Amino acid sequence: MSPSQQKLAEKLTILNDRGVGMLTRLYNIKKACGDPKAKPSYLIDKNLESAVKFIVRKFPAVETRNNNQQLAQLQKEKSEILKNLALYYFTFVDVMEFKVKYYKCLSCSTVNFDLTKNYLDLIITYTTLMILLSRIEERKAIIGLYNYAHEMTHGASDREYPRLGQMIVDYENPLKKMMEEFVPHSKSLSDALISLQMVYPRRNLSADQWRNAQLLSLISAPSTMLNPAQSDTMPCEYLSLDAMEKWIIFGFILCHGILNSDATALNLWKLALQSSSCLALFRDEVFHIHKAAEDLFVNIRGYNKRINDIRECKEAAVSHAGSMHRERRKFLRSALKELATVLSDQPGLLGPKALFVFMALSFARDEIIWLLRHADNMPKKSADDFIDKHIAELIFYMEELRAHVRKYGPVMQRYYVQYLSGFDAVVLNELVQNLSVCPEDESIIMSSFVNTMTSLSVKQVEDGEVFDFRGMRLDWFRLQAYTSVSKASLGLADHRELGKMMNTIIFHTKMVDSLVEMLVETSDLSIFCFYSRAFEKMFQQCLELPSQSRYSIAFPLLCTHFMSCTHELCPEERHHIGDRSLSLCNMFLDEMAKQARNLITDICTEQCTLSDQLLPKHCAKTISQAVNKKSKKQTGKKGEPEREKPGVESMRKNRLVVTNLDKLHTALSELCFSINYVPNMVVWEHTFTPREYLTSHLEIRFTKSIVGMTMYNQATQEIAKPSELLTSVRAYMTVLQSIENYVQIDITRVFNNVLLQQTQHLDSHGEPTITSLYTNWYLETLLRQVSNGHIAYFPAMKAFVNLPTENELTFNAEEYSDISEMRALSELLGPYGMKFLSESLMWHISSQVAELKKLVVENVEVLTQMRTSFDKPDQMAALFKRLSCGVLKRMTIIGVILSFRKNCASSSLHESILCCLSSGPQVAMNVYELSSAAGLPCEIDPALVVALSSQKSENISPEEEYKIACLLMVFVAVSLPTLASNVMSQYSPAIEGHCNNIHCLAKAINQIAAALFTIHKGSIEDRLKEFLALASSSLLKIGQETDKTTTRNRESVYLLLDMESPFLTMDLLESCFPYVLLRNAYHAVYKQSVTSSA
């Protein structure tokens, strides 16, 4: 063995790996130089522009003496240039060193798989490297700048510069230069390429030929389903078609002479030229094969025939390649689907049929990469052949097969460990024993193979032992190298059975210890990382097509591939590629969740519309028609269509009729299948959970929808009725609950998060909630119109009702305040929301009380005198004239607010009352607070006490505060007679109240007195007795008045004293104001009501 052939296996392995690393670095340099933002600043610096032009013009010569002016600026920045361009410069130096090592490995014969593959890979890696180098337009500027800076700093050029500069000049046209250099190696290269004459045509068949052969089908021959998949060329079955085409195209360009003398070579060359328009050099860098080959051959004498062949092949590629690959993808979609379905049902078949799985992955990967490459560089004539809206389905089934291999790896290990020890070891031992000649070194290696396999057992798999057959595979590679040299004692070409058996054994070892590496080798699609625009376009097409949306999860799953394209020789790109994989994965999952959310929203809208049809308000017309039909009255026009009744949409006359709701549910189920496909995925050490994206979007949309369904218009102050909103929310929630049938998400968590936020004033995003909207509407719209006299509270109906006015209100108060609406409101807002509403009401009451106190302070002297002079009519009359008015209006407002609050409290859910009361004795809690929390009426309102006690008056002592509270009761009592002159003070028996809401005064007086005197620790009963004495005295004086205007509604005002008070008794009332007067007042108002109605 010659020195150059020693350690050939190791050299080829290392050089191929290093070559990929060099390609990665050159690729990044090219992309950096092509991006103005990433380009080295020295190449675009205006101050260095003349120096750069001079260096490029003189390259590779170095002239520093006579060009001081042009290079002066360079002198200033030489140290920075050396520092910042070193990585670029030494990358080019490494390429030069790689070139030297490369040529030392070319002189070897190739008669076996591993050696041939690595040999051809090395040639293609080197060719690609030199082409990529020639495409870096700034290479001369970078190398020259660095060298000039080096010379200015160290007084001499860099020692590698002369050779590097010459290489750059020589390889201006890399393929032309390599064609000249490769003449000595044409024989070994052509032999290696012609060895593909059986493999490549077999791989490059049409879809019809695949279909006729029932390729990849496990169920085409049920009787052989359990038989292991075998082949004489096991490693060639899943060999990349893309790699073979590169070997053939570039290989025959370098040794083009064989095309004129060997028909087999020419057929291979033509077949490859007809299959593609361009080849992938590295990542998204492509090589347009027909134009490049024609440009190279046009200058060679006698190659007109080859040029005509190229042109014919180009026409064939443009005309037929697109449709041929489209049909292949169509076949592979069904084949992979069948394979994935069978294996998911019977994963044990992964053992004997593992070869089929990796063949399927390799075939599909080649077709996807071909489409991606050509779609970006396609001829305009046949654009339709390069747009595949079903590509997501093919990628999805690839991912499903990959998932099966990862999940059932132990099953495959168990199968192949038994295979290696029980069959392969025995057959190999027999083959070795039958060798006529076996040198000592080869014999030792063979024996080690047999011993290694014989020692394997299933227990190692069960114990989780880590297998490593890399040494065995490298030994086989070495053995191939030993037996391939000239004059080898043991020629592998003479022992083909041994080669076939060893190739099979190597595949079996990979099934035990290298499943992940095999998946990367056969199905890595990290190239999508460099075709971001096409990647995103495919994803959008997938989502737009309902039948394909179930496969959309394939795109985020592809992002898990991206890190496999990185290389240890270029660690700086890991972060860039990692960030890109994260951003793309995040974008895809977010878009999928948005699409699902939009579908769910549309379904909810439809369901809300259907629920709305069941509202009581819509049955009025039907009832009216039924009544008119009975009375035989004709209403409406004759041709008026009959209104459809709810439920008509469920009546189907034909199964083929598909409604919009059906389409939405179908689209949603397809998309949810995708979201639910994997619980999580890991991309660059980050875990993504698709379902959480959907949950997050549903929370946001549910929140916006609830607020949107209130239909609140700030300009017109319109808002949805609580009962209608509750119906819509329930319909929305019903739809959301049904999502659990499609996706394993916790909808209850969504409800809790959203609905709890809606019980607060603002949600987590600082946006208003239904609590704030309804609180604001009831306070600022409904109750404000009550205080303006447009609405009255009717105790009989326990609701607010519109009063007839000149300017009609835009809403009907009864439809927002009756008991059913209040119950709906309390259910929507929940305990916390109702508490917020109650606190807001209390704040308004405390504001009114503060104003009342100011009125008392203004009239404190008069009120003090009136308090002690109630038995002196003349003095009382004189003092009353000195009082300012307004106290009764504010007390009425307080009464109205308290009545509204009572409605809210009485409509709240009472299920918690028993449990609250049962726990009462066990906690140190005020009985009123407990009762109030349970929704029961209290003698003293604890919330009102808290609200009023929070008022702080400056420079007023507690005694003064108490006095003001007492005088407030006096003020109200002595002001009651003024109500008799008001036209609106007339009592209506139908509503059991007054149209100006003065019937709410009783509640206001009771509650305010109870709260104020609880705060000031006074006697509530005594103060109310005093109030009753003053009020009855003042009202009795009305009976002595003769002015009809003043006493217009005297009887109606008398009825105010018939108030229910937890602190006063009827006996006390009788002693102050005879009940006979109240009875007569009732008789009078009822009589007047009958008269006016008649």
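**Notes on rings and charges**

1. Let's start with the rings: Tyr774, Trp777, Tyr778, Tyr793, Phe800, Phe811, Tyr816 and Phe900 come together as one aromatic cluster. Before you go looking for them, note that this is a predicted model, where local features need pLDDT of at least 70, side-chain atom pairs count only at pLDDT 80 or more, and totals for chains, interfaces and linings use all residues. Residues are numbered from 1 along each chain as its sequence is written, and side-chain values use heavy atoms, with hydrogens and water left out.

2. How many aromatic pairs does the structure hold? There are 47 of them. One is Tyr89 with Phe90, an edge-to-face pair with 5.2 Å centre to centre and 90° between the planes. (Rings of Phe, Tyr and Trp, the last by its six-membered ring, pair if their centres lie within 6.5 Å; planes under 30 degrees apart are stacked, over 60 edge-to-face, the rest tilted.) Tyr89 is buried, at a relative accessible area of 0%, while Phe90 is partly exposed at 36%. (Buried is under 20% relative accessible area, exposed over 50%, partly exposed in between, with a 1.4 Å probe and protein chains only.)

3. Tyr238 and Phe507 also pair up, but this pair is tilted: the centres are 5.8 Å apart and the planes make an angle of 40°. Where do the two residues lie? Tyr238 lies in the loop between α12 (234-237) and α13 (241-254), and Phe507 in helix α24 (residues 496-513), so the pair ties together parts that are 269 residues apart in sequence. (Helices, H or I of at least four residues, and strands, E of at least two, are DSSP runs numbered from the N terminus.) Tyr238 is buried at 4%, and Phe507 is buried at 2%.

4. The charged end of Arg550 sits over the ring of Phe673, 3.9 Å from its centre, and Lys353 lies over the face of Phe356, 5.4 Å from the ring centre. (The rule: NZ of Lys or CZ of Arg within 6 Å of the ring centre and within 35 degrees of the ring normal.)

5. Now for charge meeting charge. The count comes to 55 salt bridges (a side-chain nitrogen of Lys or Arg within 4 Å of a carboxyl oxygen of Asp or Glu). Take Glu237 and Arg202, whose side chains meet at 2.8 Å, N to O. This pair links distant parts of the chain, with Glu237 in helix α12 and Arg202 in helix α10 (residues 199-203), 35 residues apart. Is Glu237 buried or exposed? Glu237 counts as buried, at 11% relative accessibility; Arg202 counts as partly exposed, at 38%.

6. Some bridges stay within one helix. Arg211 and Asp208 form a salt bridge, with their closest N and O atoms 3.1 Å apart. Why are they separated by about one helical turn? Because Arg211 and Asp208 are three residues apart in helix α11 (residues 207-212). Arg211 is partly exposed, at 36%.

7. Helix α36 (residues 819-858) has Glu851 and Lys854 three residues apart, about one turn of the helix. Their side chains meet in a salt bridge at 3.5 Å, N to O. Glu851 is partly exposed at 29%, and Lys854 is partly exposed at 48%.

8. Last, find the salt-bridge network that links Lys30, Lys31, Arg135, Asp284 and Glu285.
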